Amino acid sequence: YKIAERYIGIKEIAGGKNHPFIQWCFSLCGYSLETADETPWCSAFLQHPFWELRLPRSQSAAARSWLRIGTPCMLIEATPDFVVAVFKRGENQPGPEVTEGAPGHVGLYAGQEGDSVIVLGGNQSNGVTLQHFPKSRLLGLRRLA
């Protein structure tokens with residue numbers, strides 16, 4: 001969490017240019033360094049802190065791929081450290097049994113407030129930010145260390 005927190009404020013570059021850090025994160029998923037920063041990058045961003053720490057990571061740009069990594073964590077046990085929160089995106093989406101091919105979002109668990117989970121993540125308002133997501137969209141939490 002502390003490593004990812006250092007990147008709060010990084011944003012996509014509008015127009016034909018791309019943020020080199022976001023492109024490098026994509027390279028951790030096997031993508032080219034030429035990948036545009038407008039490509040959904042929440043999962044690519046998460047590759048970085050876990051790569052730095054040599055911890056398990058999904059090695060995929062698919063948000064739901066993180067549901068296969070680490071061990072399940074209950075919301076009541078979650079702490080802002082090595083816990084990844086995976087959410088479904090959109091209406092009428094499948095549950096956590098679908099780990100590829102369905103839309104999702106992923107970030108680091110940062111806390112709770114009311115009916116929301118606070119997430120530190122990339123591709124949130126086109127940048128690395130802290131944002132609230134409804135608990136009703138939560139597919140699962142995974143502890144990676």
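Q: Which residue of strand 6 stands opposite Val 83?
A: The model is predicted, with local features needing pLDDT of at least 70, side-chain atom pairs counting only at pLDDT 80 or more, and totals for chains, interfaces and linings using all residues. Residues are numbered from 1 along each chain as its sequence is written, and side-chain values use heavy atoms, without hydrogens or water. Strands are DSSP runs of E with at least two residues, numbered from the N terminus, and strand 6 spans residues 138-143. The residue of strand 6 opposite Val 83 is Arg 143.

Q: In which sense do strand 2 and strand 6 pair?
A: Two strands pair if DSSP finds at least two bridges between them. Strand 2 covers residues 83-88, and Ala 85 has Leu 141 of strand 6 as its bridge partner. Five bridges connect strand 2 with strand 6, and the sense is antiparallel.

Q: What is the bridge partner of Pro 72 in strand 6?
A: Strand 1 is made of residues 71-72, and two bridges pair it with strand 6 in the antiparallel sense. The strand 6 partner of Pro 72 is Arg 142.

Q: How many of the six residues of strand 2 are buried?
A: Buried means under 20% relative accessible area, exposed over 50% and partly exposed in between, with a 1.4 Å probe and protein chains only. Strand 2 is mostly covered, and its count of buried residues is five.

Q: Why is the pair of Phe 26 and Tyr 31 described as it is?
A: Rings of Phe, Tyr and Trp (its six-membered ring) pair if their centres lie within 6.5 Å; planes under 30 degrees apart are stacked, over 60 edge-to-face, and the rest tilted. By this rule there are eight aromatic pairs. The ring centres of Phe 26 and Tyr 31 are 5.2 Å apart and the planes stand at 35°, so this pair is tilted.

Q: Is Tyr 31 buried or partly exposed?
A: Its ring partner Phe 26 has a relative accessible area of 0% and is buried. For Tyr 31 the value is 38%, so the residue is partly exposed.

Q: Which residue lies over the face of Trp 51?
A: Trp 51 belongs to a cluster linked by ring pairs, together with Tyr 7, Phe 21, Trp 24, Trp 41 and Phe 45. A charge sits over a ring if NZ of Lys or CZ of Arg is within 6 Å of the ring centre and within 35 degrees of the ring normal. At 4.8 Å from the ring centre of Trp 51, the residue over its face is Arg 54.

Note on methods. Helix = DSSP H or I, 4+ residues; strand = E, 2+ residues; numbered from the N terminus.
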